[in-house]
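Here's a quick tour of one model, with the cut-offs spelled out as they come up. Keep the viewer open and click along.

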Amino acid sequence: MSAAVRRALETACPGRVVTPGHPAYDRVRLLFNGMHDRRPQAICLPSDVAGVRAAVLAARETGLPTAIRGGGHNIAGSGSVDDGVVIDLRLLNRVAVDPERRRARVGGGAIWADFDLATTGYGLASTGGTFDDTGVGGLTLGGGIGHLMGRHGLACDNVESYELVTVDGEVRTVDAASDPELDWALRGAGHNFGVVTGFEFRLHPVERVYGGYVAYPGTDPAAAIRLFRDLMLSAPDDLTCTLLLERFGPTQEPAAVMSVCYCGDDPEYRATLDKTLRRLEPIDWRIEERGYLSMQLCLGRLPFGLRHYWSARCVDGLPDELVEAVAERFRAARITDPFNDTVLLEPINGAVRTADPARSAVPFRGAGFNVTGMAIWDPSRPDADAERTAWAKSVAAAAEPYGSWGDGYINYSGDGPSAGPERAVRTFGAETYGRLVALKRRLDPENFLRSNYNVDPAGDAEPVR
């Protein structure tokens with residue numbers, strides 16, 4: 001890196017520019033997905049919005065490729081870039097709660113653990129990531145699936161306004177009144193149009209839930225999938241469950257693990273839910289009344305640096321033939337002590353489906369379920385990349401004929417910018433993608449922000465009829 005470039009970045013983030021050779025470089029550059037061992041020339045850590053603005057302008061001036069890092073959890077490695085500049089928002093992690101208004105102002109570098117710890121002290125919550133070390137910004141800008149989505153919608157459905165730094169250095173407050181088109185795009189395709197340095201979230205009274213997880217033997221995964229499917233098809237909005245086909249417990253035997261979050265207060269429904277869940281004999285039962293913060297911790301955490309490839313498809317439903325195909329793919333999965341291939345099934349339920357589709361660019365509201373192959377393996381085994389990636393893609397390939405949403409939930413796309421515009425058009429639909437391209441041309445015509453699930457301003461902005 002030239003001295004002039006270094007000076008420009010140091011001016012933007014004095015004392016907080018980490019370059020190769022710095023003792024913290026390897027720790028700071030680490031991403032959740034160890035497949036992306038990115039080595040940027042510089043990592044800038046601004047501590048406020050003015051610093052973000054200065055870092056964006058300095059990075060543009062260098063001409064180097066630039067990535068924005070929030071929580072660093074993106075599967076496609078979008079939070080970093082080789083031989084370029086990373087603007088790392090982790091110091092913008094403050095969460096300020098106004099319990100009277102039921103609002104939270106959240107920095108763009110916060111993770112859901114920061115958010116939940118601040119809000120649950122007031123008995124309030126909003127839909128957040130099911131893994132609490134996920135970044136608030138990345139998850140929300142891609143839609144935001146979580147335990148409360150049946151009742152309260154996706155994370156993006158709960159955003160009142162955004163604080164955004166444009167690529168030309170303007171600081172804006174964005175909401176439906178100030179810029180309705182940008183507000184619309186930030187809900188589901190929002191990684192493309194500026195650096196979101198803050199969110200204002202709407203909060204809901206959620207003190208305790210009835211939930212946790214129940215694990216079933218993996219000897220008949222199809223039976224567990226059918227139980228999950230039938231439960232969610234008849235569930236009230238207050239119930240959101242997910243199903244993980246994975247290796248479980250100290251013996252790492254195949255199992256079907258269902259997370260359960262019921263945020264209602266009907267004791268009769270709790271009894272009905274228990275009876276339904278016990279139609280299969282569980283090997284572990286951890287469902288009880290608990291605080292919402294405890295619910296957010298139920299699925300645990302995976303360490304940063306493991307190798308991952310995820311491939312997801314949204315489907316209309318889970319007919320028996322797809323159930324059998326997914327079960328077969330799980331039987332073909334591999335355990336790689338203590339990491340393993342996992343199939344994740346999530347409902348698209350309740351308030352996610354009934355929200356006004358015109359309010360957001362979220363592409364998958366009409367789907368019934370999301371099916372994801374999650375290959376996870378040892379960071380020291382890059383020789384396994386091709387085999388494990390192929391397995392994850394095979395899960396998505398089994399699901400693809402049952403839906404029409406392309407990559408669906410873009411936060412789970414393992415390909416990121418390499419997916420290409422044709423895939424993005426299929427994901428968002430031609431008309432929506434045309435609107436996104438037109439907005440990208442207005443706000444980022446040079447595609448400065450391109451390390452993401454990219455909307456290419458050089459693409460066709462006219463809706464295809």
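This is a predicted model: local features need pLDDT of at least 70, side-chain atom pairs count only at pLDDT 80 or more; totals for chains, interfaces and linings use all residues.

## The second largest cavity

Lining the second largest cavity are Val28, Arg29, Leu31, Pro40, Ile43, Arg69, Gly79, Ser80, Val86 and Asp88. By class, its lining splits into five nonpolar, two polar and three charged residues. Here Ala, Val, Leu, Ile, Met, Phe, Trp, Tyr, Cys and Pro go down as nonpolar, Asp, Glu, Lys and Arg as charged, and the others, Gly among them, as polar.

Residues are numbered from 1 along each chain as its sequence is written, and side-chain values use heavy atoms, with hydrogens and water left out.

As for terms, the search runs on a 1 Å grid over the protein atoms alone: a cavity is a set of points where a 1.4 Å probe fits but cannot get out, a pocket is an open set with protein on both sides within 12 Å along at least five of seven lines, and lining residues have an atom within 4 Å of a point. Grid points are joined across faces, edges and corners, and a volume is the space filled by probe spheres set on the points. Helices (H or I, at least four residues) and strands (E, at least two) are DSSP runs, numbered from the N terminus.

## The largest pocket

How much space lies in the largest pocket? About 470 Å³. It has 21 lining residues, and the closest to the pocket centre are Glu246, Arg247, Leu299, Leu302 and Asn340.

Three strands, β13 (239–248), β19 (339–340) and β21 (369–377), supply at least two lining residues each. The largest share, four residues, comes from β13. Sorted by class, the lining of this pocket has 13 nonpolar, five polar and three charged residues.

## Two helices side by side

Two packed helices are described by the angle between their axes and the distance between the axes. For α11 (residues 320–331) and α13 (residues 385–399), the axes come within 9 Å and cross at roughly 175°. That makes α11 roughly antiparallel to α13. Axes are lines fitted to C-alpha atoms, for helices over the stretch in contact, with angles running from 0 to 180 degrees between N-to-C directions. Angles under 35 degrees count as roughly parallel, over 145 as roughly antiparallel, 65 to 115 as roughly perpendicular and the rest as oblique.

Which residues of α11 and α13 meet? From α11 there are Leu322, Ala325 and Arg329, and from α13 there are Trp391, Ser394, Val395, Ala398 and Ala399. The class tally for this contact is six nonpolar, one polar and one charged. Contact means heavy atoms within 4.5 Å.

Arginine 102 has phi near 55°, a positive value in a residue other than glycine. You'll find arginine 102 in the loop between β5 (95–98) and β6 (103–107). Its relative accessibility is 40%, so arginine 102 counts as partly exposed. For reference, buried means under 20% relative accessible area, exposed over 50%, and partly exposed in between (1.4 Å probe, protein chains only).

Asparagine 447 also isn't a glycine, and its phi is positive at about 55°. This residue sits in the segment after α15 (430–443). Asparagine 447 counts as buried because its relative accessibility is 10%.

## Residues worth a click

Alanine 59 belongs to helix α3 (residues 49–62). At 0% relative accessibility, alanine 59 counts as buried. Leaving out residues up to four places away in sequence, alanine 59 touches Leu9, Leu64, Thr66, Val85, Ile87 and Phe448.

Arginine 426, in helix α14 (residues 420–428), is partly exposed, with a relative accessible area of 42%. Arginine 426 and tryptophan 405 lie 21 residues apart in sequence and 6.4 Å apart in space, C-alpha to C-alpha. Beyond four places in sequence, the contacts of arginine 426 are Glu400, Ser404, Trp405 and Gly406.
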